Amino acid sequence: MAPISLESKDIPGIRTEMKKRLQIYGKRVAVEGDREDRISGLAGNVIDHILELLPVQDAARTSILSRNWRYIWSTLPNLVLDYDFYHKLIEESESKFKLAVDEILLLHMGNIVKFILDTRGAHLSSCADIDRWVLFVTRNGVKKLTLRFSNLDTYSLPPSIFKCSTLTHLELTNCVFKPPSSFLGFPNLISLVLQRTTFVPTTSFCVIKVPLLEDLSLNMCHDVVPNGLPFTLNFLRHLSIFVAFDHLGQTSYALQLIKNSPNLSKLEIWLKIMSIQAKDKSQLLITHLGQLEQEDNTAHVNTL
């Protein structure tokens with residue numbers, strides 16, 4: 001069979017037809033003799049893309065469409081357990097949410113490229129289940145990992161993350177980043193986003209080795225220390241950083257980070273100025289940014 005292409009104008013109709021089929025529980029869909037089965041005839045990568053556009057629960061329900069569809073959803077490389085997924089289940093009970101995630105991971109086959117877990121807006125009674133889920137995805141080749149937690153929770157990263165050499169993208173919200181003394185860094189990490197994340201070095205000198213890092217964002221990470229990143233980031237192209245000038249050491253850290261990123265092409269700085277002394281300190285940084293602009297770099301300063 002020749003490969004079938006999918007144009008963007010076809011997607012709404014296909015998704016509508018998919019939803020109609022999913023309304024039929026436990027019954028095999030009967031296709032009229034002269035009617036084209038537009039979905040089953042699509043190329044495998046196109047079907048995967050359509051399923052990734054559906055919520056995880058709906059993607060799992062496609063297993064009832066026919067024998068050929070039974071295991072397709074379980075091989076999807078991207079698992080997105082986002083805010084909507086979490087709150088739809090947590091409203092019923094925390095145990096139902098945890099059971100749903102357990103079943104999704106238990107039935108999954110093959111590598112997991114992207115895993116997103118977002119539990120913001122509610123409190124979880126225990127992090128043991130999350131540790132187990134993170135261990136599972138890191139053992140299955142995860143490359144893009146996003147963990148977002150509520151302001152009510154602070155999640156301490158388990159050892160399995162620091163042993164995951166396949167990571168290329170890591171995004172953390174409300175986490176505690178405390179690497180073990182044996183931590184060797186993330187050799188393949190390209191993008192690192194830390195929001196309201198606390199960096200806790202286990203020794204007096206602990207450097208996160210990220211030799212390929214291109215994109216770095218540090219937002220509201222008050223306890224990030226200068227020793228937390230290597231002194232030179234040769235591949236860093238985009239830097240976004242929050243600077244509270246009333247916080248001891250953040251000004252010098254920001255300057256050091258900018259200075260030691262020789263190939264920086266885009267810079268965003270968010271300033272929090274609470275006193276006259278902090279305003280004076282900010283002028284040092286703005287002066288340095290003026291030098292960057294003269295070197296044809298893009299620099300933006302935003303004041304909170």
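Modeller: A salt bridge is a side-chain nitrogen of Lys or Arg within 4 Å of a carboxyl oxygen of Asp or Glu. This is a predicted model, in which local features need pLDDT of at least 70 and side-chain atom pairs count only at pLDDT 80 or more, while totals for chains, interfaces and linings use all residues. Residues are numbered from 1 along each chain as its sequence is written, and side-chain values use heavy atoms, with hydrogens and water left out.

Biologist: How many salt bridges does the structure hold?

Modeller: Side chains of opposite charge can pair when their charged atoms come close. The structure holds 7 salt bridges. In one of these, Lys-98 meets Glu-94 at 2.8 Å, N to O.

Biologist: Where do Lys-98 and Glu-94 lie?

Modeller: Helices (H or I, at least four residues) and strands (E, at least two) are DSSP runs, numbered from the N terminus. Lys-98 and Glu-94 are both in helix α5 (residues 94-107), and because they are 4 residues apart, about one helical turn separates them. A network of salt bridges links Glu-94, Lys-98, Asp-102, Asp-129 and Arg-132.

Biologist: Is Lys-98 buried or exposed?

Modeller: Buried means under 20% relative accessible area, exposed over 50%, and partly exposed in between (1.4 Å probe, protein chains only). Lys-98 has 13% relative accessibility and therefore counts as buried.

Biologist: Which residues form salt bridges with Asp-118?

Modeller: Asp-118 pairs with Arg-120, their closest N and O atoms being 2.7 Å apart, and also with Arg-148, at 3.5 Å, N to O. Arg-148 belongs to strand β3 (residues 144-148) and Asp-118 to strand β2 (residues 114-118), so this pair ties together parts 30 residues apart in sequence. Asp-118 is buried at 2%, as is Arg-148 at 19%, whereas Arg-120 is partly exposed at 33%.

Biologist: How many aromatic pairs are there?

Modeller: Rings of Phe, Tyr and Trp (its six-membered ring) pair if their centres lie within 6.5 Å; planes under 30 degrees apart count as stacked, over 60 as edge-to-face and the rest as tilted. The count comes to 9 aromatic pairs. The ring centres of Phe-149 and Tyr-155 are 4.8 Å apart with planes at 40°, so the pair is tilted. Phe-177 and Phe-199 form a tilted pair as well, at 5.6 Å centre to centre and 35° between the planes.

Biologist: Which parts does the pair of Phe-177 and Phe-199 tie together?

Modeller: Phe-177 lies in strand β6 (residues 175-177) and Phe-199 in strand β8 (residues 198-199), so the pair ties together parts 22 residues apart in sequence. Both Phe-177 and Phe-199 are buried.
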